[in-house]
Amino acid sequence: MSLKFQCPTCGQSLLQHQSSQGFYCTNKHHFDKSEQGYWVFTKPQRQKPTGDSRQQVRAKRFLLESGFFAPLIDKMAAMLVGSLQNDISLLDYECAEGFYLRALSSKLTDIANGLTIQYVGVADAENAIFSAAKAQTPGILCLSTSKVLPFSDSCIDVITVIDKPLKGKESVRVLKEDGLMLLVLPGARHLWQLKQYIYSDLAEKTVQINLPSELLIKETQTLRFTLSVTGEQALTLLDMTPFAWRATDKMKHNIQASYFDSLEIDFILVLAQKCLSE
């Protein structure tokens with residue numbers, strides 16, 4: 001397996017205890033595997049009190065697993081499989097409770113022509129990574145800040161960044177030369193009918209695709225479809241967005257009391273490749 005770990009505290013290579021499966025470095029920093037099956041690279045007590053409640057995690061998981069986003073999974077898998085030729089490692093950056101890892105692994109197993117894929121998920125919220133482990137998400141699950149990933153330079157073949165902002169350059173650091181990054185970005189019309197409740201001056205704007213200079217865009221595709229959802233489901237979708245904090249209690253009440261028979265889903269999928277060093 002090409003995946004290699006490095007100490008998020010001092011940057012030294014990590015070794016692994018065969019019995020406990022925990023990691024350690026020569027500077028005596030230790031990172032244990034929890035009873036639930038994920039590795040702890042960020043101590044929970046050092047985390048800021050952020051992240052979803054268990055009720056929110058359950059609601060999001062239930063909605064995602066209802067099949068609403070099956071077209072997105074199909075599109076992502078199709079874009080990836082055309083570029084996969086050898087056994088690879090795939091990291092889901094900020095994997096939350098692991099839905100996309102589970103869905104992608106299931107889909108890629110069907111279409112990847114027998115390739116071996118080592119799945120890895122990182123989340124900085126303990127409730128989320130706990131839920132991912134409990135749901136038997138495949139691969140290596142890590143409780144870790146995305147600011148300092150516990151992986152060596154250039155050791156991961158594919159990184160997925162799904163409806164999340166790409167922060168800093170840690171993901172680029174751990175991506176192999178010539179490796180791939182698949183980003184899923186909300187398009188201009190994404191959840192338009194929900195935004196109408198929140199923004200009084202709502203206007204359709206062109207989405208800017210800003211990537212680190214080390215990444216070269218190979219392919220861009222759009223995916224648009226509509227969903228029929230209840231007000232409660234719409235609130236859960238809203239809760240997944242970066243603009244959810246703008247919704248007042250009155251707005252949430254109005255959304256919950258509504259039914260959306262044609263809620264617009266609009267994604268932009270960008271497949272980029274890490275440029276070879278000169």
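Guide: Let's start with a term: buried means under 20% relative accessible area, exposed over 50%, and partly exposed in between, using a 1.4 Å probe and protein chains only. This is a predicted model, where local features need pLDDT of at least 70, side-chain atom pairs count only at pLDDT 80 or more, and totals for chains, interfaces and linings use all residues. Residues are numbered from 1 along each chain as its sequence is written, and side-chain values use heavy atoms, with hydrogens and water left out.

Visitor: Is Phe151 buried or exposed?

Guide: The cut-off for buried is under 20%. Phe151 has a relative accessible area of 0%, so Phe151 is buried.

Visitor: What kind of aromatic pair do Phe5 and Phe151 form?

Guide: Rings of Phe, Tyr and Trp (its six-membered ring) pair if their centres lie within 6.5 Å; planes under 30 degrees apart count as stacked, over 60 as edge-to-face and the rest as tilted. A search of the whole structure turns up ten aromatic pairs. For Phe5 and Phe151, the centres are 5.4 Å apart and the planes are at 50 degrees, which makes the pair tilted.

Visitor: How many residues apart are Phe5 and Phe151?

Guide: Phe5 sits in the segment before β1 (15-16), and Phe151 in the loop between β7 (140-143) and β8 (156-162). Strands here are DSSP runs (E, at least two residues), helices are runs of H or I of at least four, and both are numbered from the N terminus. The pair links distant parts of the chain, 146 residues apart.

Visitor: Which strand holds Phe31?

Guide: Phe31 is part of one aromatic cluster with Phe5, Phe23, Trp39, Phe41 and Phe151. At 6% relative accessibility, Phe31 counts as buried. Contact means heavy atoms within 4.5 Å, and, leaving out residues up to four places away in sequence, Phe31 touches several residues, including Cys7, Pro8 and Leu14. Its strand, covering residues 30-31, is β3.

Visitor: Why are α7 and α8 called oblique to each other?

Guide: Axes are lines fitted to C-alpha atoms, for helices over the stretch in contact, with angles from 0 to 180 degrees between N-to-C directions. Angles under 35 degrees count as roughly parallel, over 145 as roughly antiparallel, 65 to 115 as roughly perpendicular and the rest as oblique. The axes of α7 (residues 231-239) and α8 (residues 249-256) come within 7 Å and cross at roughly 135 degrees. α7 and α8 are therefore oblique.
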